[in-house]
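Biologist: I'm new to this one, could you put it up and walk me through it?
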Amino acid sequence: VRFSARRETAAPTIVLSGVIRTSPELYVPKGRDGLSFIVDGLLPWGTTTYDRKAYQAQLDAIAGTAQLGTAFRLEVQSKDFERGVQLLADGLLNPAFARGGFDVVKASVLQSVAVANKLPKTKAELAQRLALYGPGDPRRRDVTETTVAATTLDDVRKYYRFAYRPDETTLAVVGDVDPARVENVVRTYFGSWKAAGAPPTFRYPKLARRTTKGQTVTVKASASTQSEVTLKQVFAMHRSDPDYVPLLLANTILSGEGTGSLLFQELRTHRGYVYNTDSSFQVDANGAEFSVSFASDPKNVARANAAVVGIIKQLQRQPLSVVELQRAKALLLAQRVLPLDSYSGLAADMVSGVLYGSTSVSERWFWTALLQTTPAQLQHALRRIDADHFLRVIVEPAG
């Protein structure tokens, strides 16, 4: 188990935030999609030491709160840190996986999947993945009622032993506690945790990148009166790429300021094409996804789509003013810094890199790149986006 600690004395409390790196789409057995949901859902149902009610009673006795799963968390008073970590470790390392709990959790997951898969939004998300990623890509996998129903308690135990590993676990502790005390507690309660078998590689198969060539996928929604549109593109990128921070700034300019952002001002305020709009830019170990979404009257979809493409092309042709870029930098900085005002925010930030399969990008590098980004660099980075070849997914009214 890798861990880090930061002492803060504003309050006599401690927050522990942890992540176990996993990849269900790579490692859940074929035909068992949804298995990871059941495993995570079963953890709060008791350990080999305490049943469900008794475990919660032990936490209540120290006024502590715990969240179990591949993303886990503990909040406890400083004086009860040792006991809190002992209970957290018991929940993570010694799950009961009792038949009764399994039946309840499986039924709950089955019901949730059955409801979700009937929603037009879920159908659109699946259609989007199938269009973006070619045959053989794990991101095409789908959780269905059939795959959940096929899952057994033995599947749960096997997957838990594979996925819950100390060598893929990182935790951070923030609060009124000495780092030496943290090290002793972690070694005491997690030190005997051993991994079984070879570690996962998290490598996706090498497949030819799929091009959408401006493809449109349409999903009908009988209960809708408006169209919901997503324009998406995937491309190769990692977080240490020189274009990463400029594209974060570009996304901030497009939608980071809510009603004051470029997309909202152009599409809603000035032209009246949409009810709302947003953009997203995400990078993980497998590449980048950029998207723009909006909701509009069906008759305005084509106009709004053309306006989005025009906005992006304009940013690619003409650099922003220094003043506009400075405003975006200040907004992105505030979005990154404000969550660090709490113990929870600090602890979550300290383990956030694990979720993306990398901790190689240092905070110093990020802030330096943010401050030094020029209008020309942002303009250059935006050319990674081919505005003429978005995959367009439209959820539109039926009939």
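Biologist: Let's start with glutamate 228: what stands opposite it in strand 10?
Modeller: Valine 395 in strand 10 stands opposite glutamate 228. Before we go on, this is a predicted model, in which local features need pLDDT of at least 70 and side-chain atom pairs count only at pLDDT 80 or more, whereas totals for chains, interfaces and linings use all residues. Residues are numbered from 1 along each chain as its sequence is written, and side-chain values use heavy atoms, with hydrogens and water left out.

Biologist: And how many bridges join strand 7 to strand 10?
Modeller: Five bridges join strand 7 to strand 10 (residues 391–397), and the two run antiparallel. Strands here are DSSP runs of E with at least two residues, and helices are runs of H or I with at least four, numbered from the N terminus; two strands pair if DSSP finds at least two bridges between them.

Biologist: How does strand 7 run relative to strand 9, parallel or antiparallel?
Modeller: Strand 7 and strand 9 run antiparallel and are joined by nine bridges. Valine 234 has glutamate 289 of strand 9 as its bridge partner, while phenylalanine 235 has alanine 288.

Biologist: What about strand 8 and strand 9, what do they form?
Modeller: They form a hairpin with two residues between them, and 10 antiparallel bridges join strand 8 (residues 274–284) to strand 9. In that pairing, phenylalanine 281 stands opposite phenylalanine 290 of strand 9.

Biologist: Why is strand 9 described as largely enclosed?
Modeller: Eight of the 10 residues of strand 9 (residues 287–296) are buried, so the strand is largely enclosed by the rest of the structure. Buried means under 20% relative accessible area, exposed means over 50%, and partly exposed lies in between, using a 1.4 Å probe and protein chains only. Strand 7 is also largely enclosed, because seven of its nine residues are buried.

Biologist: Is lysine 232 buried or exposed?
Modeller: Lysine 232, which is found in strand 7 (residues 227–235), is buried, with a relative accessible area of 13%.

Biologist: Which side chain does the side chain of lysine 232 make a polar contact with?
Modeller: The side chain of glutamate 289, at 3.2 Å. A polar contact is a pair of N or O atoms within 3.5 Å; within protein, one must be able to donate a hydrogen and the other to accept it, and residues adjacent in sequence count only if both atoms are side-chain atoms. Leaving aside neighbours within four places in sequence, lysine 232 is in contact (heavy atoms within 4.5 Å) with residues including Gln128, Leu132, Phe290 and Phe390.

Biologist: Changing topic, in what order do the five strands of the open sheet come?
Modeller: The order is 1-5-2-4-3, with mixed pairing. Strand 1 (2–7) and strand 3 (65–67) are the edge strands, each pairing on one side only.

Biologist: How many bridges link strand 2 and strand 4?
Modeller: Strand 2 (residues 13–20) and strand 4 (residues 71–77) pair in the antiparallel sense over seven bridges, and isoleucine 14 has valine 76 of strand 4 as its bridge partner.

Biologist: Which strands does helix 4 touch as it packs on the sheet?
Modeller: Helix 4 touches strand 2, strand 3, strand 4 and strand 5 (169–175).

How values were computed
Axes fitted to C-alpha atoms, helices over the stretch in contact; angles between N-to-C directions.
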